[in-house]
Amino acid sequence: MIPLIAANIEKSSRAARLRALVEQPEIVQMPGAHNAQAALQAQAAGFKALYLSGAAMSASMGLPDLGIISVDDVCFFVRQIVRAADLPVLVDGDTGYGEVLNVMQTVRAFEEAGAAAIQLEDQILPKKCGHLNDKRLATADDMARKVAAAAKARKEMLIVARTDAAASEGVEGAIKRANMYVDAGADVIFSEALTTPEMFHAFTSEVKAPLLANMTEFGRSPLLTATELQAIGYSIVIWPVSSLRVANKAQEELYASLARDGSAKSMLDRMQTREELYRTISYHDYESLDANIVQSIAPTQAFA
């Protein structure tokens, strides 16, 4: 049923639900959802929480992930996703869109939009994807001040502090930063671009906070399964851009087919049917809210 029917909305806050999930022994699996349709499909697959990636948002807008998009841009994505799927969403806040006061405003804006958690990273602008070269870091003290400001500004959302220091300062430097961020008020530590299972193990041994692992494709980290990460001691795993990568590849193939054949017939077996789309977006549930609307019947014939 659709989320605008109040009886079907979870009464506890999204932040409280996410905190409860993180406290459970089982790892929280957070697929990336780059739009509301993806969020609905992830929810239908049984996921209990979602991740909203800055890289996915930027790419959706035809932009590189260099800290170009704004707080308002991100809030648009947050609102459409939480309106569609009443699941806790961890939202990528990049560097916080400025310094301490800007971070506080970002936290408030994200929380008002419906985010359950915000992720902040210790790069400086222009920031880069965590799996690219030549990332420039803020000082550990400056990042700790941002984390403290975020914790002060939030009502109840979780603060996820990401450190990109492993590439330039080694795992020991990244762990030192992580513990500073925990002391400053971070609820979860995101250890980015770790390159070996041993590095993942080092974080669980030395950092006394829930840990998040990023299993992005085509990056520097080995692609470990959720079960493997849980065994190491991680609390959250994200697949931030997977849905966008798959959707974009399918669209590329569709447009090539249209340009080549002048028709989409060869792609019919790759398409979500009209009935499947209507089921995903609860089309008939919306119709039932207004007695003046006769329930629509989706055509089922796909002409070859």
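Reader: Hi! Which residues in α4 are buried?

Author: Hello! In this predicted model, the buried residues of α4 are V74, C75, F77, V78, Q80, I81, V82 and A84.

Reader: Nice. And what covers the buried residues of α4?

Author: Several elements do, including the helices α1 (14-23), α2 (36-44), α3 (54-60) and α5 (100-113). The strands β2 (50-52) and β3 (89-92) are also among them.

Reader: How far apart are the end C-alpha atoms of helix α4, and what should its residues span?

Author: Helix α4 covers residues 71-84, and at 1.5 Å a residue those 14 residues should span 20 Å. Its end C-alpha atoms are 20 Å apart, which agrees.

Reader: Switching to charges: how many salt bridges does the structure hold?

Author: There are 14 salt bridges in the structure. As background, side chains of opposite charge can pair when their charged atoms come close.

Reader: Could you walk me through one? What does R14 form a salt bridge with?

Author: R14 pairs with D86, and their closest N and O atoms are 3.1 Å apart. R14 sits in helix α1 and D86 in the loop between α4 and β3, so this pair ties together parts that are 72 residues apart in sequence.

Reader: Is D86 buried or exposed?

Author: D86 is buried, because its relative accessible area is 12%, under the 20% cut-off. R14 is partly exposed, at 22%.

Reader: What about R162 and D164, how do their side chains meet?

Author: They meet in a salt bridge, at 2.7 Å from N to O. R162 counts as buried at 4% relative accessibility, and D164 counts as buried at 1%.

Reader: Got it. And which residue does D261 form a salt bridge with?

Author: That would be R260, with the closest N and O atoms 3.0 Å apart. D261 is partly exposed, with a relative accessible area of 41%, while R260 is exposed at 58%.

Reader: Last topic, the backbone. What is phi of Y97 near, and where does Y97 sit?

Author: Phi of Y97 is near 65°, a positive value in a residue other than glycine. Y97 is in the loop between β3 and α5. For context, most residues other than glycine have a negative phi.

Reader: And F218, what is its phi near?

Author: F218 has a positive phi near 60°, and it is not a glycine either. You'll find F218 in the loop between β7 (211-214) and α9 (226-232). F218 counts as exposed, at 77% relative accessibility.

Reader: Thanks, that helps!

Definitions and conventions: Residues numbered from 1 in each chain as written. Predicted model: local features only at pLDDT ≥ 70, side-chain atom pairs only at ≥ 80, totals over all residues. Heavy atoms only, no water. Helix = DSSP H or I, 4+ residues; strand = E, 2+ residues; numbered from the N terminus. Expected span 1.5 Å × (residues − 1). Buried < 20%, exposed > 50% of the residue type's maximum accessible area, 1.4 Å probe, protein only. Contact = heavy atoms within 4.5 Å. Salt bridge = Lys/Arg side-chain N within 4 Å of Asp/Glu carboxyl O.
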